[in-house]
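Please open the model in your viewer and keep the selection tool at hand.

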Amino acid sequence: MSTALREEYQKVAGELKQELGKSNLYEVPRLDKIVVNVGMGLAKDEDAYKDLVVKSLTKITGQQPIITVARKSIAGFKLREGQEIGAKVTLRGQRMEDFLYRLIHVVLPRVRDFRGLSPKAFDGQGNYTLGLKEHTVFPEIAPDDATRVHPLQITITTTGASDDESRELLKRLGFPFTGQDKKEPK
């Protein structure tokens, strides 16, 4: 983790161990990986758009993305098997930690009309997904250089046994969930 995020996690892990009633520090939820995904949508046939997506994902994550392809044909979507439909990057270790720190402290405050993240966007297994409408909120992307704006999805995978455990971990790491100011009865 970035040094600040790693120190914060070490503090949080001790608190969560007691609060969640875990007997071992290794049972406390921790971050596993982050997947950054961009769907190419209607522009899937444009090579210039694909190049833009690949370049922007590389700048944002510091890692070369993988091009995703359709597994089967769907006539209603004019989709053929093997057609390139998106790009994704899986971050682990130091890159994951640096990305998450930048996301919390730099990117989310730059989002226009940001009122907090939904605390309900968990998938039932402790993983959290959020979407950003513009990739230009990342400081690595110069707004003047972005000829086209594309959205991206960020999935944060944790080792939490439940959504509640993972939500508590992310909240303590600094995720700005909506409704945090209200005290919940215990």
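Throughout this tour, buried means under 20% relative accessible area, exposed over 50%, and partly exposed in between (1.4 Å probe, protein chains only). The model is predicted, so local features need pLDDT of at least 70 and side-chain atom pairs count only at pLDDT 80 or more, while totals for chains, interfaces and linings use all residues. Residues are numbered from 1 along each chain as its sequence is written, and side-chain values use heavy atoms, with hydrogens and water left out.

**First stop: helix α1**

Select residues 3-20, which form helix α1. Helices (H or I, at least four residues) and strands (E, at least two) are DSSP runs, numbered from the N terminus. The expected span of a helix is 1.5 Å times one less than its number of residues.

Now select L5, Y9, V12, A13 and L16, the buried residues of α1. They pack against α3 (93-110) and α4 (163-173), where contact means heavy atoms within 4.5 Å. Just after α1, select G21, which takes a positive phi of about 70°.

**Second stop: the aromatic rings**

Rings of Phe, Tyr and Trp (its six-membered ring) pair if their centres lie within 6.5 Å; planes under 30 degrees apart count as stacked, over 60 as edge-to-face and the rest as tilted. The structure holds 6 such aromatic pairs.

Select Y128 and F175: their ring centres are 6.1 Å apart and their planes lie at 85°, so the pair is edge-to-face. Y128 belongs to strand β4 (residues 128-132) and F175 to the segment after α4, so the pair ties together parts 47 residues apart in sequence. Both Y128 and F175 are buried.

F177 is buried, as is Y128.

**Third stop: a pocket**

A pocket is an open set of points, on a 1 Å grid over the protein atoms alone, where a 1.4 Å probe fits, with protein on both sides within 12 Å along at least five of seven lines; lining residues have an atom within 4 Å of a point. The second largest pocket has a volume of about 380 Å³. Select V111, R112, L132, K133 and E134, the closest to its centre of the 15 lining residues. β4 gives the most to this lining, with 4 residues.

Note on methods. Grid points are joined across faces, edges and corners, and a volume is the space filled by probe spheres set on the points.
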